[in-house]
Amino acid sequence: MYAAEDNQLVARVVSAQDTRAFGELVRRHQSQVRNFLRKLCGDITLADDLSQDCFMHAWDKLQTFSGRGSFIGWLLKVAYTTFLQSKRKSKRYAEILEEAGHATEIEDRHYSVQPDEVGDLDKLLAVLTDEERAIMVMSYACGLSHREISDATNLPVGTVKSVIFRGKQKIRTSFDIKDHQHG
Amino acid sequence: MISKIINMADRMKSAEDRLLESMFAAPPIADDGFSASVVGKVRRRLWLRRLALPGAALLGGAIAIKPLAALVTLLASLSALLPQELFGIIAGFIPQAQTVVLGALLLAVCLLGMRSLED
């Protein structure tokens with residue numbers, strides 16, 4: 001079980017609904033998925049809830065994994081979709097409250113971090129849009145290739161490259177990266 | 001060949017890329033029961049799905065048994081009201097027409113019930 005490749009484990013889950021094989025897949029990839037969502041949300045509790053949802057969606061949709069790309073690439077696509085769905089839901093909820101005339105003081109699930117917890121990376125991520133943040137994190141934190149990011153975000157490879165370029169420019173103009181290099 | 005070149009181009013990283021990678025790098029998150037919790041949820045969902053159909057069929061059957069019995073009684077009483085000659089004529093064309101009509105009605109009710117359960 002532990003030596004099996006991701007694709008073999010996926011095949012076991014799809015063919016026999018093997019929950020042990022699925023558990024092994026979760027154990028292998030939970031750290032990357034949770035790190036990805038933590039960087040996207042900036043909220044550890046929300047990110048972990050979304051990670052659970054992501055793996056539940058992955059269980060439901062595992063038969064759609066073709067095995068062509070890496071499993072983590074496919075999993076991050078599910079995670080990104082889960083994140084976007086959650087954002088849409090909270091936005092819709094805020095709109096309904098607003099329409100009903102209530103003061104909308106619900107927590108905006110947009111990227112936000114506590115001022116006393118702001119680190120270099122948090123500052124860096126805060127200048128990016130959701131899409132830029134997701135793509136930059138997939139590229140620099142998860143090590144996905146442009147092709148894999150394109151598959152995960154349903155964007156053309158050229159767009160992925162230009163988003164990364166734009167993200168880097170934003171970071172460059174907002175921060176002096178060389179300062180970070182020397183602490 | 002082209003894809004190999006694209007992959008190589010992807011991997012040719014500048015100093016800035018390496019710096020960004022080091023800034024984005026995060027320590028691995030300990031599992032701490034996370035995967036067990038996910039697998040537990042998956043198992044519960046599987047059990048619920050396995051129990052849902054027979055459970056719904058039992059419940060639907062329990063609810064439907066009384067109206068079904070009443071329907072059968074009503075149909076039987078209605079058939080008694082019809083002139084026996086009519087059955088004789090129909091039976092000339094289709095043997096056991098009464099049973100066929102009753103069976104068709106029951107089948108339609110069952111199909112409708114199954115459809116609503118699926119919905």
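Guide: Let's begin with the angle: a helix axis is a line fitted to the C-alpha atoms over the stretch in contact, and angles run from 0 to 180 degrees between the N-to-C directions. Please keep in mind that this is a predicted model.

Now find helix 2 of chain A, residues 19-41, and helix 6 of chain A, residues 130-141. Their axes come within 10 Å and cross at roughly 145°. The crossing of these two helices is right-handed. To see who makes the contact, look on helix 2 of chain A for A:Asn35, A:Phe36, A:Lys39 and A:Leu40. From helix 6 of chain A come A:Arg133, A:Ala134, A:Val137 and A:Ala141. Sorted by class, this contact holds 5 nonpolar residues, 1 polar residue and 2 charged residues.

Helix 1 spans residues 6-16, and its buried residues are A:Leu9, A:Val10 and A:Val13. Viewed down the axis of helix 1 of chain A, these buried residues fall within an arc of 100°, so they line one face of the helix. After helix 1 of chain A comes A:Gln17, whose phi is positive, near 50°.

Finally, step back to see the neighbour, chain B. Chain B has 5 helices and 0 strands, and 6% of its 119 residues count as buried. Where the chains meet, 22 residues of chain B are in contact with 26 residues of chain A. On the chain B side, helix 1 (2-11), helix 2 (15-24) and helix 3 (34-81) of chain B each supply at least two residues. Helix 3 of chain B gives the most to that side, with 9 residues. By class, the side of chain B that touches chain A consists of 13 nonpolar, 3 polar and 6 charged residues.

Conventions: Residues numbered from 1 in each chain as written. Chains lettered and ligands numbered in written order. Predicted model: local features only at pLDDT ≥ 70, side-chain atom pairs only at ≥ 80, totals over all residues. Contact = placed C-beta atoms within 7 Å. Helix = DSSP H or I, 4+ residues; strand = E, 2+ residues; numbered from the N terminus. Nonpolar A, V, L, I, M, F, W, Y, C, P; charged D, E, K, R; others polar. Left-handed = near helix turned anticlockwise from the far one by under 90°. Buried ≥ 20, exposed ≤ 12 C-beta atoms within 10 Å, placed from the backbone. Arc of directions from axis to C-beta.
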